[in-house]
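Me: Can you walk me through this one? I want the quick version, with follow-ups.

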Amino acid sequence: MSAARQTPEGANSLPEGPTPARPHYVCVAGPTASGKTAAALAVAQALPIEIVSVDSALVYRGMDIGTAKPGADELAAVPHHLIDIIEPNQTYSAAQFVADAKRLVDEIRARGRLPLLVGGTMLYFKALFDGIDALPAADAAVRAEIDAEAARMGWPALHAQLARLDPATAARLSPNDAQRIQRALEVHRVCGRPLSAFHTDRFSAPSSIGAAAPLISLEPHDRAWLHRRIAQRFEQMLAEGFIGEVRRLRARADLTAAMPSMRCVGYRQAWEMLDGLFPPEHLAERGVAATRQLAKRQLTWLRGMPHRQVVACDAPDAVEQVVARVQAAVGSA
């Protein structure tokens with residue numbers, strides 16, 4: 001996905017000179033629909049950057065409309081990485097992201113460019129900054145066993161089971177949070193330890209990519225502004241053929257509703273609608289509600305990162321503010 005581009009005049013390399021505090025990379029994070037892509041493309045007009053996607057949905061091929069994946073023009077304007085790298089029947093973990101980010105940061109810096117890490121998967125950012133739990137690898141057989149139990153008993157029953165095995169983890173999960181309940185039960189069944197016990201056994205984030213990267217956080221001053229943007233985006237997705245995209249994915253023999261890719265916000269609701277769990281006219285309402293909940297969780301994650309630099313994404317000059325923050329971080333006027 002790293003298409004070549006023309007760099008603005010005078011921006012073909014990062015500033016020279018003694019800048020010992022210059023970060024190895026800069027991060028732009030924010031909830032869904034907060035304007036991260038527009039801000040990143042504006043930075044590309046001012047500095048020689050390459051974008052590293054920090055998004056657990058953009059990694060999947062064939063999932064374009066529902067993920068608001070950058071279009072061909074945007075991808076051609078600046079090199080992008082970690083987009084369209086796996087099939088929807090595959091998995092991608094925070095550990096894989098950290099390893100890929102480390103490699104890409106080193107490669108991009110070697111080209112004289114600034115790695116700009118952009119996205120809304122806050123677990124990936126946290127793993128990059130703080131390290132990740134040394135969890136066991138996924139076990140397909142155990143996951144299939146748990147899914148079969150969920151089909152018979154329902155996820156709330158498995159949540160109750162988790163509460164007996166790992167009360168600390170169960171307390172922070174919704175009884176219908178299928179993906180996280182499955183993972184917590186899987187970890188316990190594979191290694192006999194509760195997921196909550198792994199916080200004491202951590203891998204360090206790779207030191208070679210820098211420990212003090214600036215984090216520019218796009219957060220709304222007025223939450224209603226973000227809610228309107230979310231609703232508009234979902235309506236646009238439907239107009240662009242989102243339901244047809246999900247139909248094509250459902251037609252694949254290697255995909256099920258239980259897979260992480262099909263649990264992405266929007267896809268999960270569309271799959272359920274096509275299963276007949278609710279009428280089509282309710283899809284927009286349910287999709288928007290789920291996306292708003294996602295945005296709420298993303299903002300909660302961000303508020304737990306005290307080093308972030310907040311830019312009001314609903315400010316008229318939000319994009320200009322992001323560009324100025326990135327320029328200041330790398331010592332460029």
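This is a predicted model: local features need pLDDT of at least 70, side-chain atom pairs count only at pLDDT 80 or more; totals for chains, interfaces and linings use all residues.

What follows is a short chat about this structure.

Me: How many helices and strands does the protein have?
Reply: There are 13 helices and 8 strands.

Me: And what share of the residues is buried?
Reply: Of the 333 residues, 47% are buried. The exposed surface comes to about 15,600 Å², and carbon and sulfur atoms supply 53% of that.

Me: What about contacts with a separation of 6 or more: what share comes from residues 24 or more positions apart?
Reply: Those account for 78%.

Me: Where does UniProt put the binding site?
Reply: The unreviewed UniProt entry places the feature at Gly-30, Pro-31, Thr-32, Ala-33, Ser-34, Gly-35, Lys-36 and Thr-37.

Me: Is Gly-30 buried or exposed, and why?
Reply: Gly-30 counts as buried because its relative accessibility is 0%, and the cut-off for buried is under 20%. Gly-30 sits in the loop between strand S1 (26-29) and helix H1 (36-46).

Me: Which residues does Gly-30 touch?
Reply: Leaving out residues up to four places away in sequence, Gly-30 touches Lys-36, Gly-119, Gly-120, Met-122, Leu-218, Gln-298 and Leu-302.

Me: And Gly-35?
Reply: Gly-35 is in the loop between S1 and H1. With residues up to four places away in sequence not counted, Gly-35 touches Leu-218 and Arg-229.

Me: Switching to charges. How many salt bridges does the structure hold?
Reply: It holds 19.

Me: What does Glu-87 pair with?
Reply: Glu-87 is in the loop between strand S3 (80-81) and helix H3 (94-110), and Arg-61 is in the loop between strand S2 (49-54) and helix H2 (72-77), so the pair ties together parts 26 residues apart in sequence. Glu-87 also meets Arg-252 in a salt bridge, at 3.2 Å from N to O. That pair links distant parts of the chain, 165 residues apart, with Arg-252 in the loop between helix H10 (242-250) and helix H11 (267-274).

Me: What about Arg-103 and Glu-107?
Reply: They form a salt bridge too, with the closest N and O atoms 3.6 Å apart. Both lie in helix H3, 4 residues apart, about one turn of the helix.

Me: Which residues do shared partners join into one network?
Reply: Arg-61, Glu-87, Arg-252 and Asp-254.

Definitions and conventions:
Residues are numbered from 1 along each chain as its sequence is written. Side-chain values use heavy atoms; hydrogens and water are left out. UniProt positions are given in the numbering used here, feature names are shortened, and annotations may be inferred rather than shown by experiment. Helices (H or I, at least four residues) and strands (E, at least two) are DSSP runs, numbered from the N terminus. Buried means under 20% relative accessible area, exposed over 50%, partly exposed in between (1.4 Å probe, protein chains only). Contact means heavy atoms within 4.5 Å. Accessible areas come from the Shrake-Rupley method with a 1.4 Å probe; for residues, only the protein chains shown count as cover. A salt bridge is a side-chain nitrogen of Lys or Arg within 4 Å of a carboxyl oxygen of Asp or Glu.
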